[in-house]
Amino acid sequence: MKFVVQVRLFPTPAQEAALADTLLLCNEAAGLVSGIAWETKTFRNYDLRRHTYGRLKAMGLSAQPAQHVIKKVADAYTTVKAQARAKLRKPLTEPIAFRTDAAQPFDDRCLSWQVEERTVSIWTTGGRMKGVRFGCSDDQARALAAYRRGESDLIHRDGLWLLIATCDVPDGDVTEPDAFLGVDLGIANIATTSDGERHTGVHLNAVRRRNRRLRRRLQAKRTTSAKRLLKKRRRKESRFARDVNHVISKSIVTEAARTGRGIALEDLQGIRDRVRLRKPQRITLHSWAFHQLGAFIAYKARRSGVVVTHVDPAYTSQGCSACGHTDRRNRPDQETFSCTSCGFAEHADVNAARNIAARGEAGRAAVNQPNAA
């Protein structure tokens, strides 16, 4: 299983200047390669080398960085063309442009990690630069030392220097679950389990509303200081939501692993296209990071050897987890579930999570059923 480890670099002023010059030169070179690729209609990595490698060397790039710049451009055109074919964006009408601080990949011949010393050695336009300090947690350090594979990307974002490395961690030994922990995803409650544990979204939603009001006021001012504050706060909300999702997913996977159960999740693919809501509700729905939470649960479960299954969410909120009776009137409001058939009452999200758990068990039983032949 592959996952990324992001660490922050703490360069000295001289090291920071060298990193900035390196990133600037690499992206200027990427812009040159992109222009040549567009003019000659040459987009394959190997073919682009014949047209551009000598010019990149003349600009001051060493062999490996030059190869990575060419590959970065070729990969960018491959991605954009695939998106255009899938109608996720319009076809290109001009060469792809690269920001001056766009990420640049480095392999082990250009960058080496000294994990115990918390330093890296990296190629720059001024030569090999050693002893660049970085910071990370103990868990990240162990992952870097044991499982790091392939390239590492140098990024300059919001004034910070970052390195993003890929780690190839072996999956945990999967155990066949005796039962499933159902998880109902929502907006009022971000996640509710069939055990009755609710991870409320009150605080997260309040933060998002406050940030929307602040952005609206700052955008209306249009002053230099307002623009500076908007730039400073950029991505702050997404980092906060990401941290919340990490905490919730860790809690759910830990409980499932402790009790020997699998995890049953709703298959919510395409929900934003299916649901029709009023404008205030659309804002809340489109800022809801349910896909990210599901992805976090999935990769943490794989590391712990926990089975994850996705079930059809249809009518899980209207069906009774006690008797199975399904009726819209079973759920008179957002929080309440009261079965009109058997009288069973429970919090609506807990009842839905129990239905999801039951569907997970039924689906697993069907998959594991031996063939009649």
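Which charged end sits over the ring of phenylalanine 3? The charged end of arginine 303 does, at 4.9 Å from the ring centre. The model is predicted. It contains 4 aromatic pairs, 18 salt bridges and an open sheet of 7 strands.

**Aromatic cluster around Phe3**

- One aromatic cluster is made up of Phe3, Phe296 and Tyr299.
- Of the 4 aromatic pairs in the structure, one is formed by phenylalanine 3 and tyrosine 299, which are stacked with 6.4 Å from centre to centre and 10° between the planes.
- Phenylalanine 3 belongs to strand E1 (residues 2-10) and tyrosine 299 to helix H10 (residues 290-304), so this pair ties together parts that are 296 residues apart in sequence.
- Phenylalanine 3 has a relative accessibility of 15% and counts as buried, whereas tyrosine 299, with a relative accessible area of 22%, is partly exposed.

**Trp113 and Phe134**

- The ring centres of tryptophan 113 and phenylalanine 134 are 5.3 Å apart and the planes stand at 75°, so this pair is edge-to-face.
- Tryptophan 113 is in strand E3 (residues 111-114) and phenylalanine 134 in strand E5 (residues 127-135); the pair links distant parts of the chain, 21 residues apart.
- Tryptophan 113 is buried at a relative accessible area of 12%, and phenylalanine 134 also counts as buried, at 3% relative accessibility.

**Sheet**

- The strand order in the open sheet is E2-E6-E7-E1-E5-E4-E3, and the pairing is antiparallel.
- Strand E2 (104-106) and strand E3 are at the edges with a single partner strand each, so one side of each has no neighbour in the sheet.
- From one strand to the next, the twist averages 35°.
- Strands E1 and E5 run antiparallel and are joined by 3 bridges.
- Leucine 9 has phenylalanine 134 in E5 as its bridge partner; phenylalanine 134 is also the residue whose ring pairs with tryptophan 113.

**Salt bridges**

- Among the 18 salt bridges, one joins lysine 2 to aspartate 168, with the closest N and O atoms 3.6 Å apart.
- This bridge links distant parts of the chain, 166 residues apart, with lysine 2 in strand E1 and aspartate 168 in strand E7 (residues 160-168).
- Lysine 2 is exposed, at a relative accessible area of 60%, while aspartate 168 counts as partly exposed at 31% relative accessibility.
- Arginine 142 and aspartate 139 form a salt bridge with an N to O distance of 2.2 Å.
- Both residues lie in helix H4 (residues 138-147); arginine 142 and aspartate 139 are 3 residues apart, so about one helical turn separates them.
- Arginine 142 and aspartate 139 are both exposed.
- Another salt bridge is formed by the side chains of aspartate 327 and arginine 329, at 2.9 Å from N to O.
- Aspartate 327 is buried, with a relative accessible area of 16%, but arginine 329 is exposed, with 62%.

Key: Residues are numbered from 1 along each chain as its sequence is written. This is a predicted model: local features need pLDDT of at least 70, side-chain atom pairs count only at pLDDT 80 or more; totals for chains, interfaces and linings use all residues. Side-chain values use heavy atoms; hydrogens and water are left out. Rings of Phe, Tyr and Trp (its six-membered ring) pair if their centres lie within 6.5 Å; planes under 30 degrees apart count as stacked, over 60 as edge-to-face and the rest as tilted. Helices (H or I, at least four residues) and strands (E, at least two) are DSSP runs, numbered from the N terminus. Buried means under 20% relative accessible area, exposed over 50%, partly exposed in between (1.4 Å probe, protein chains only). A charge sits over a ring if NZ of Lys or CZ of Arg is within 6 Å of the ring centre and within 35 degrees of the ring normal. Two strands pair if DSSP finds at least two bridges between them. Axes are lines fitted to C-alpha atoms, for helices over the stretch in contact, and angles run from 0 to 180 degrees between N-to-C directions. A salt bridge is a side-chain nitrogen of Lys or Arg within 4 Å of a carboxyl oxygen of Asp or Glu.
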